[in-house]
Structure formats: structure tokens, C-alpha cells
Amino acid sequence: MSSSSSGKSPRVLACVLCQNRKIKCDRKTPCSNCIKANVACTPSTPAPARKRRRPNQDLQQRLARCEELLSEYATAKPTAPSSADSPSQDDTWRPLGKLIIDDGGVKFIDSFLWASIHSELSAMREILEDEDTIDDPCTPADSQASDLNAGLILSDTSNADLEELHPQPAHVFRLWQIFLERVNPLTKVIHVPTVQPMLVEAATSRANIPKNVEALLFSIYLMASVALTEEECVERFGYTKTEAYNRFSKGCRSALMRIGILKNYDLVVLQALVLYLFSLPGRYDRHAAWILNGVTVRIAQKMGLHRDGEFLGLSPFETEMRRRLWWRILLLDAMYALMSGLGHSLLPRSWDTKPPLNINDSDLYPTMTSIQPKDSPTDMIFCLICCEIAAVMVDTPELHSVILQNEMGLNPPDRDKIEKASRRIDELERAMTDILDKYSDLSMGPIHILATDCKTTMIGKLRELICPMVNQPEWGTEILSPKDHLFKMSLSAGEQNLRLYQLPGTKDFFLWFMMSHFQIEIFIYMVGQLSVRTSGQLVERAWASIELFYRFHAELFDLSAKVHLAVAIFTIRAWKVREKALREATGSTPETPEYISKLQNLLPQEDIKHTHPDESSDLTSMNGLSSSSGGTVQPNVDVAWDQMLGFVDAGSIDWGDMFATPNPAQTQTQTSYGGYGAVFGGNGVNWM
């Protein structure tokens with residue numbers, strides 16, 4: 001039998017016209033439909049036969065390898081460590097680890113097992129892909145929708161139009177220049193030569209900007225607006241500082257939300273997040289900011305920033321940039337922990353990231369094969385000083401315990417602990433002095449001036465904090481109790497801030513940075529104490545500090561904010577007490593300071609009554625126990641220094657109700673303010 005007779009007859013397909021019109025074809029040539037339409041009938045051709053995919057041998061081998069690894073993990077029995085194999089207490093545990101690339105992002109994995117399985121699964125995925133993929137220059141989030149999980153830590157701005165939030169092209173370069181002069185010397189988390197071309201592109205055409213770069217640019221605009229004064233912002237950009245901050249903050253948060261920072265890890269995105277966190281002091285609840293920074297620590301840990309790049313086999317350039325970012329995150333975490341009333345946070349159990357090197361951005365480039373730090377002054381000077389401070393906070397928990405014991409009162413820490421803390425401060429001073437001697441030159445700009453004075457201020461502050469109350473110069477005269485000591489500590493904290501405010505040569509560049517550390521709760525405490533303290537050198541120093549704080553912090557005159565209104569009432573009340581004391585001592589009425597007159601003019605009429613001292617009660621009785629109308633003795637409300645750093649959240653108190661005179665039924669409610677409302681309530685409860 002011939003081959004033609006034995007094979008199947010070819011299948012006749014519908015013509016092209018009938019297929020396109022989706023009508024039945026009689027499968028003749030020409031077909032009836034084409035004849036009726038008076039068009040040429042074109043037979044269709046069958047699609048090429050699809051190849052049957054055969055089992056991939058490589059894929060099967062990799063699946064078998066994954067099964068083998070999982071089987072080993074499941075059946076492995078823990079071995080009892082012998083005494084010879086057990087590490088000593090002095091040995092540092094160093095887990096293995098590996099950086100992996102996952103969907104374009106970088107992740108760090110401690111477990112060798114899971115790192116191996118990930119490698120096998122990644123290779124299997126590549127085998128199964130049928131089409132070539134194009135490398136994306138941005139984060140994997142460019143092709144994804146907004147990450148809803150990020151709404152847990154950033155307000156939902158997913159509907160924001162980022163195009164409208166970008167600054168005008170001419171403004172881009174002004175903001176960049178402000179950032180370089182006033183922000184970058186303090187943070188050093190970006191590489192200027194790498195970022196500048198991206199910024200130039202953003203000023204000309206934003207269509208091709210990767211999403212991670214867009215987030216970084218918004219964080220730069222945001223920090224530049226923070227560093228501006230109100231007058232500069234209006235003059236240079238045509239809108240207020242608040243409008244600029246809100247605009248760029250929304251842009252930064254929107255960009256971070258769309259990237260999906262909780263699941264897509266990228267060094268550029270982490271830089272943007274760190275700069276965003278740098279903008280929060282004084283504008284955001286510090287407890288929430290500390291928690292948000294905890295998320296940043298976890299993201300950095302997930303990217304392996306807690307392990308030094310040399311250990312991970314990274315390039316010298318990437319290693320150095322990761323070091324700078326990790327140590328800045330440590331400093332931010334320490335700052336927010338202290339502002340939130342905590343000692344220091346729980347960092348990863350084992351981290352070995354070395355401090356950044358003394359090297360300028362101009363001497364760093366991505367293709368470098370080795371890196372050599374400079375032996376001459378560089379713009380890294382402030383960051384190097386800060387890293388020494390961070391190292392002390394991390395490696396010397398005894399220092400914090402000594403400070404806490406000093407805060408508690410009459411029982412000073414053991415002499416050995418004080419001496420150990422003092423020796424560590426001496427080591428810190430020597431290390432900082434060595435850095436300044438080698439790498440600082442006051443003629444090279446304001447950042448060198450700031451670094452030099454910060455060393456002096458920090459060492460002085462630490463020495464005072466570890467000094468027991470009974471060793472203070474004022475002991476036995478103006479310091480007779482823990483409460484007196486706490487008043488001096490709050491005064492000293494304010495004076496140290498004011499010293500930095502008035503530092504010559506830095507005001508036009510870094511005053512915004514120093515003022516961002518103003519803690520209004522400590523200021524309120526100090527002012528409130530002046531309602532019962534009328535004489536002494538500490539009192540005179542406190543009044544001089546108050547005048548300077550009102551000069552620098554003009555926002556305190558904005559009494560539309562309840563916390564500022566409360567400060568104004570405390571201040572006016574304390575002045576009336578002081579005025580009366582001075583009049584009785586000198587026989588003449590003292591001149592009213594300008595800031596007091598301004599506050600009195602701004603104070604709403606309904607709040608004036610709260611500024612009158614309680615003439616019927618002895619103000620000095622506030623320093624002891626007092627009786628409520630029900631006859632119950634109420635104890636003092638004493639607050640330790642670490643709590644005082646965040647001892648009352650000014651934003652959480654109902655300042656509108658705290659000045660009302662309570663009835664006996666409200667006595668217990670009032671103590672929930674930590675003694676604040678009692679000063680004005682007339683029931684004699686002490687201030688602290």
C-alpha cells in the first residue's frame with residue numbers, strides 16, 4: 001500500500017475571512033461566504049506543531065538536591081557539645097551568612113541550609129522561564145502595585161500624584177545645594193558623585209527615573225526643607241517651610257509605599273528611609289519614630305548591613321557605603337531610644353560592621369578595587385566623632401546603669417562601677433581627641449567646628465551624668481534632695497543645647513540640627529520648678545536659659561498648639577512668683593522681660609486665670625507631701641532621668657483640660673498627668 005493511501009487525509013481549515021468573522025465556513029475553495037462577499041478566498045495555514053516538553057534532567061537533579069538538603073535538616077540530631085568544644089564566655093559568636101539576590105533585591109540569610117536551598121530554587125526558576133527577562137535598573141517594585149503592608153508604618157498616600165509633588169526644575173538644584181551644605185556633612189549616607197547625575201536627570205526629565213531613586217530624591221528635598229529657615233523658604237521657593245515639609249514628606253512616603261519597603265530591600269531605598277527618619281525629630285511622635293526606626297534596623301539586618309562587607313566579599317565601594325549607613329542607623333536608634341525614655345535598643349545579637357573610614361566622597365568610586373583611608377582632614381569628621389559615641393553606647397551598658405542609679409537619689413552606685421564608667425569616658429575622650437588631631441582642621445568649614453565642640457559638650461555631659469549627687473558642687477547648698485538634683489540636670493541639659501545653638505561659625509549651616517534635639521518636656525519641667533524655686537544660682541541660670549530658648553524657638557509663641565499654650569502658662573505663672581520674690585527682696589518691681597510681655601499679650605483671655613499663683617497655699621509645701629480634700633496623703637511623683645528624656649509625651653496629654661480646678665472627685669484623675677495639672681489645680685500636689 002502506498003504511503004499516500006495509508007496516511008490520514010489532511011484536515012481542511014476554515015478560510016481566513018471566516019475565521020476573522022467567526023462564521024461557519026463550508027471549507028470549499030472558494031467558500032460560499034467569500035463568493036457572496038465577492039472577495040478572494042484565502043485558505044488558512046495550520047499552526048506549527050508544539051514541541052512536547054521533555055523532563056529536564058537538570059531540573060530533576062536540582063529538585064533531588066533540595067529534597068536531600070531538607071532531609072538532612074529534618075533527620076539531623078543535635079550533638080551535645082563537649083566542654084572542650086564549648087566556646088568560652090569571652091569568645092564572640094560569629095554566625096555564617098550569605099547575601100542572596102531575590103527578585104532584584106538583596107537579602108541576608110544566616111542559615112547555610114536555606115541559602116543553599118535558595119540557590120537551588122533560583123536556578124530551577126531560571127530553567128523554567130520560557131522568555132528572556134530584561135534587567136531592571138530599579139527595585140523589583142517597579143512592576144508591582146503599592147505595598148499595602150507599608151501602611152502599617154507609613155501613612156497611606158498611595159493616591160498621591162508624585163508628579164505634582166516634585167519641585168520645579170530650578171528649585172531642584174537649590175534644594176540639592178542646601179542639602180550638600182547643611183545636611184550631607186552630618187549624615188554621609190549617600191555618595192554625592194553617584195547621586196548628582198540622577199538629580200540632574202530628575203531636573204530635566206523624570207520619565208526614566210527608577211522608583212528607588214525617586215524616593216531618595218524626595219528624601220533629599222525633604223531634608224533640605226528641614227534645614228531651611230522660614231524666611232529662606234519663602235524667599236527662595238515661594239511657599240512656607242511647613243508647606244515645603246508637608247509636600248516633600250508626602251512625596252517621600254508615597255514613593256516608599258509604592259516600592260514596598262517591607263518586602264523589597266534595596267540600598268538606595270534604605271538611604272531614603274534613613275534620611276526620612278532624620279527629618280522626624282520635633283515633628284513626629286518620638287515613640288512612634290523609635291518604633292519606625294526599629295523597622296529600619298530590621299530591614300538593614302535583612303540586607304546584611306550588620307555584617308561587614310569584607311566578610312561578605314563585597315566590593316570596597318559597597319562595603320564603605322554599607323558601613324556608613326549601618327552606623328548612621330545605630331546613631332538614629334540610640335537617639336530615638338533616649339528620646340523615648342529608654343537606654344538603648346536591642347540590636348542584632350552579633351554584628352561586626354566596622355566603622356566608616358576617613359575618606360571623602362571624591363576618593364570613592366564603584367569600580368575601585370582597594371580603598372585607602374586618608375591621613376588628612378576630610379568631611380567625614382563629624383560622623384567619625386559620632387561613631388565613637390555610638391560605640392560607647394553599644395559596648396558599655398555599665399555606663400547607662402551608673403547614670404540610672406545616680407538619677408534615683410541618695411544611694412550612689414558602687415565606687416568600682418563609677419570608676420569603670422569614668423575610665424570608659426576617658427577612653428572615649430582620648431579616641432575623639434586623636435580623631436580631631438588627625439582629621440580635623442577648623443579652617444576647612446563649619447562641620448569641623450561642630451565636631452570639635454560636640455566632643456567637648458558630650459564628654460562634659462557624660463562626666464556630669466555619672467557624678468553622684470553628693471559629689472555635685474551644689475551639694476549641701478542648692479542640692480539637698482534628688483528633686484534638686486533632677487532640677488540641675490534638666491537645667492544642664494538645656495544649657496548644653498544652648499551652647500551648641502550659639503556656636504560661632506555653624507549657625508547658618510547646622511542650627512536646624514541642634515534645635516531639632518530640643519525636648520520640650522524637659523523644658524516644661526524646668527519652668528514648672530521655677531514656680532516653687534525663687535532664689536539661688538541654679539534659678540538665675542534657669543531664667544537666663546528660658547529667655548534664650550524663647551529667642552531661638554519662635555514656634556513657642558504659637559499658642560494655637562496646646563503644648564505651647566501650656567508652656568506659656570507655666571512660664572507666666574513662674575514669672576509672677578519670681579516677680580513677687582524680687583519685689584519683696586529689693587523693694588522695687590523688676591522689669592518684665594520682653595518674651596514674658598509677648599506671651600501675656602498672646603495668651604487667650606480664658607487662660608489668664610491659670611497664670612495666677614495660689615495665694616492661699618504655701619508654694620514651698622509643694623516640695624513635700626500634701627493632703628487632698630479627702631484627707632488622703634499623696635506621695636511625691638518623682639521621675640527618673642531616663643524617663644524624663646521621654647517622661648511625658650507632650651502630644652498625649654489633654655492640655656485643654658489639665659488646668660481646670662479639680663473637685664475632690666477629680667483628685668485621682670489628676671495624678672495621671674504625672675503632677676502637671678496639680679500645679680494649677682490649687683490642691684497642693686507637688687510638681688514632680
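Student: Where does Lys-188 lie?
Tutor: This is a predicted model, and in it Lys-188 lies in the loop between helix H8 (184–187) and helix H9 (192–204).

Student: OK, and is Lys-188 buried or exposed?
Tutor: Buried: its relative accessible area is 1%, and the cut-off for buried is under 20%.

Student: What's phi like at Lys-188?
Tutor: Phi is near 55° there, a positive value in a residue other than glycine. Most residues other than glycine have a negative phi.

Student: What about Asn-38, what's its phi?
Tutor: Phi of Asn-38 is near 60°, also positive, and Asn-38 isn't a glycine either. You'll find Asn-38 in the loop between H3 and helix H4 (57–75).

Student: And is Asn-38 buried or exposed?
Tutor: Exposed, because its relative accessible area is 71% and the exposed class starts over 50%.

Student: Switching to peptide bonds: which residues does the cis one at Pro-30 join?
Tutor: Thr-29 and Pro-30, with omega at about -10°. Most peptide bonds are trans. Pro-30 sits in the loop between helix H2 (16–21) and helix H3 (32–37).

Student: Last topic, Arg-578. Where is its place?
Tutor: In helix H25, which covers residues 562–586. Arg-578 counts as buried, at 11% relative accessibility.

Student: What is Arg-578 in contact with, leaving aside neighbours within four places in sequence?
Tutor: Val-539, Glu-540 and Trp-543.

Terms used
Residues are numbered from 1 along each chain as its sequence is written. This is a predicted model: local features need pLDDT of at least 70, side-chain atom pairs count only at pLDDT 80 or more; totals for chains, interfaces and linings use all residues. Side-chain values use heavy atoms; hydrogens and water are left out. Helices (H or I, at least four residues) and strands (E, at least two) are DSSP runs, numbered from the N terminus. Buried means under 20% relative accessible area, exposed over 50%, partly exposed in between (1.4 Å probe, protein chains only). Contact means heavy atoms within 4.5 Å.
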